[in-house]
Amino acid sequence: MSGDPSSSGVRDFPEDAVVVVPVSNVIFPGIVFPIVLDRPSAVAAAQHALREQHPLVLVLQQDLQAPDPGPRSLHRMGTLANVLRYVTGPDGAPHVACQGVERFEITEWLEGYPFIAARGRRVTEPEAAGPEIEARFLHLRSQALEALQLLPQSPPAELVSAVEGASSAAALADLVAAYLDLQPPEKQEILETVDLQARLDRVSTFLAKRLEVLRLTSEIAQRTRESLGERQRQTLLREQMAAIQRELGETDDREELVELESAIEAAGMPDEVVQQARKELRRLARTPEAAAEYGMVRTYLEWLVELPWKAPEPVPLDLAEARRILDEDHFGLEKIKQRIVEHLAVRRLAPEGKAPILCFVGPPGVGKTSLGQSIARAMHRPFVRVSLGGVHDESEIRGHRRTYVGALPGNIIQAIRKAGRRDCVMMLDEIDKMSAGLHGDPSAALLEVLDPEQNASFRDNYLAVPFDLSRVVFLTTANMLDTIPGPLRDRMEIIQLSGYTAGEKLQIAERFLVRRQLEANGLKADQVEIDRAALERLIARYTREAGVRSLEHEIGRVLRHVAVRFAEGQADPVRITPDDLEPILGAPRVENEVAMRTSVPGVATGLAWTPVGGEILFIEATRTPGEGRLILTGQLGEVMRESAQTALSLVKSRAEALGLDPSLFKDSDIHVHVPAGATPKDGPSAGVAMTMALISLLTDRTVRSDTAMTGEISLRGLVLPVGGIKEKVVAAATAGVRRVLLPARNRPDERDIPQETREQLELVWLERIEDAIEAALDRPPQAKKPSVRAVD
């Protein structure tokens, strides 16, 4: 048993010595058992035994709570065991799997090692046979098999096989003792009993006590099962008795059914719904409470009784109060407010009439949802919002049928229940964001909801009874109309909300946004002041949007920066000036690049409409030697490509009037590009701008840097009307343009342009393309300039 000190780190270990590991439970010979090595000495002992390929002696501690037991606190009798495996557990602690071999009695403790070492002798199993041993062996095996059968959980098949296949009385006694529910001192007593007959008697005595407990436990479990069976029988009898009582006309005295019946009577349901509710109530009374169907029927009845079936009491409408609320909540939007007041006036004069359903269409952040809240305030009705963005399942509108587990009514009925009134104001938000999916088309389901001729008898799949939606004031919002199906769009009155001008944004910021962000960031009005010039800089240099949502975000960023100072103990009020913005928000993100982009021939400034407001659009043209091709780039749509082709044909037809050599077009390729190539662009309104870019290129005359234009052109040179005039003109003013060329047939749209924008811009009305040439180009045309001749 000697080891190499250089490799083991232990001085010469005596050959007749053994390594001892203290354990908290007794390990019997023949048993495989895992041991956690939770002490450094135990780890050193296991590593030494593995290195030297020697067995361990596992000895029970006398004091099981001792953190680091020494030789004096260990028993003298232990078990000699082989180490089968050494592993590190998930918690980082080493584990060893040991198999007991035979008993080992310690006679002498050794000192001077990093682990406990001792000398002793192996205790050989005595040779015992005869009728007495045989009888005790058979009796113990029958006891063990009975105990395994009485266990609450099925014992492992390997343990049953080990008991049945025990080869000797000594092995059976140790096996049973190892798995008996005994205290460690009792197991140690069995381990120290060397005499086989005495050991068998002791194990049998312990097992007999355990068998008594198991038999009593089994009897109690049997009586419990019989009691449960009796209760189930009583429940069945009670249900039969209730059925007999119902046949005799006697009332059911269950409190829940009585409450539901009272609620049905008080709900004010129509006759058809009352009959359905009473039918379901009778079904509920016949259904056992333990059945799954009981909960489904009860939930259905709760939905019926909690819906507002009664006709709402009329609330007088004060139009002056409505105007005050709209002006208080929103700045500008005068035409929109007037249309809402007209809508409310019709509601006042004809409360039972079928008022149209309003659809607010406009870019994000212009106040569509808050307009609905203001209408609800003006009408003194509850406001509920149903978000339709991303909805692609018809059941989200009509509800699920009750045959499905977890079925619920659709969003419309859920919102009615939440509002608690049948005449609520319901806003269907983002109606343009719905899409058809595998489970139907939700926009088709909305046709019945938004049709005043049909929604008086709206049927939700879950309720399966008609519900009157005619008194609900439906409002819808959308960013664009293109994605709303035509039949659904026809059921709504479209109200366009355009973007705000810089002046309107300034007023909104001063009146609403700053105050709201002060509250959101825990600041008071006397602590922070953002002066008007700083707000103007925020609007002009840090945001480019139709609404004010990004502006509010930027104001919030500024105030959060100030909030840090007050949180750190600053007490002096703070005033934000334009010079403070760049250190807080960084460099300005919006630049005025009109003059730079129009400083060379071939560049014209157009105006475009987008779902989020108007935009400046630059048209660039250049000429290279070629074969007369027209090259178009910038991800242009089909209509816009046709506009470019029309513009080129128009310029060719007027080549002589413009002083151009017709051979110029045959020997040159013309490339028209619209920057921001990653953004798709389409529409006919860039026709004038494309024509002016081509004329500017071919006549070598620049387009005025302060001028932008919009309008469709025809091959006859007519300038045709286009849409989105207000948004385009506001975008031009925001970008620094001073003159805007517009189709003369759009002159009626001038009244939609805000007054301050009209005062800021010069509007030029175009009948023909010659008007655009005269107004847009820097100098008068000169006949047949050599600089524009075709390249030889």
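Select Glu 554 and show what surrounds this residue: leaving out residues up to four places away in sequence, Glu 554 touches Leu 538, Tyr 542, Thr 543, Leu 585 and Arg 589 (contact means heavy atoms within 4.5 Å). The model is predicted, so local features need pLDDT of at least 70 and side-chain atom pairs count only at pLDDT 80 or more, while totals for chains, interfaces and linings use all residues. Residues are numbered from 1 along each chain as its sequence is written, and side-chain values use heavy atoms, with hydrogens and water left out.

Glu 554 lies in helix H20 (helices are DSSP runs of H or I with at least four residues, strands are runs of E with at least two, and both are numbered from the N terminus). Glu 554 is buried, with a relative accessible area of 10% (buried is under 20%, exposed over 50%, partly exposed in between, with a 1.4 Å probe and protein chains only).

Next, select helix H21, residues 578-585. Pro 578, Leu 581, Ile 584 and Leu 585 are buried there. Looking down the axis of H21, these buried residues fall within an arc of 105 degrees, so they line one face of the helix (the arc is that of the directions from the helix axis to the C-beta atoms). Asp 579 and Pro 583, on the other side of H21, are exposed. Just after H21, Gly 586 has a positive phi of about 90 degrees.

Move to the largest nonpolar core, which has 56 residues (a nonpolar core is a set of buried Ala, Val, Leu, Ile, Met, Phe, Trp, Tyr and Cys residues joined through side-chain atoms within 4.5 Å). Select Met 269, Leu 304, Met 426 and Ile 431, which touch the most other members. Helix H10 (residues 292-306) gives the most to this core, with 7 residues. A second, separate core has 53 residues, including Ala 322, Leu 506, Leu 513 and Leu 559.

Return to Ile 431. Apart from neighbours within four places in sequence, the contacts of Ile 431 include Leu 388, Leu 446, Thr 476, Ile 484 and Met 492.
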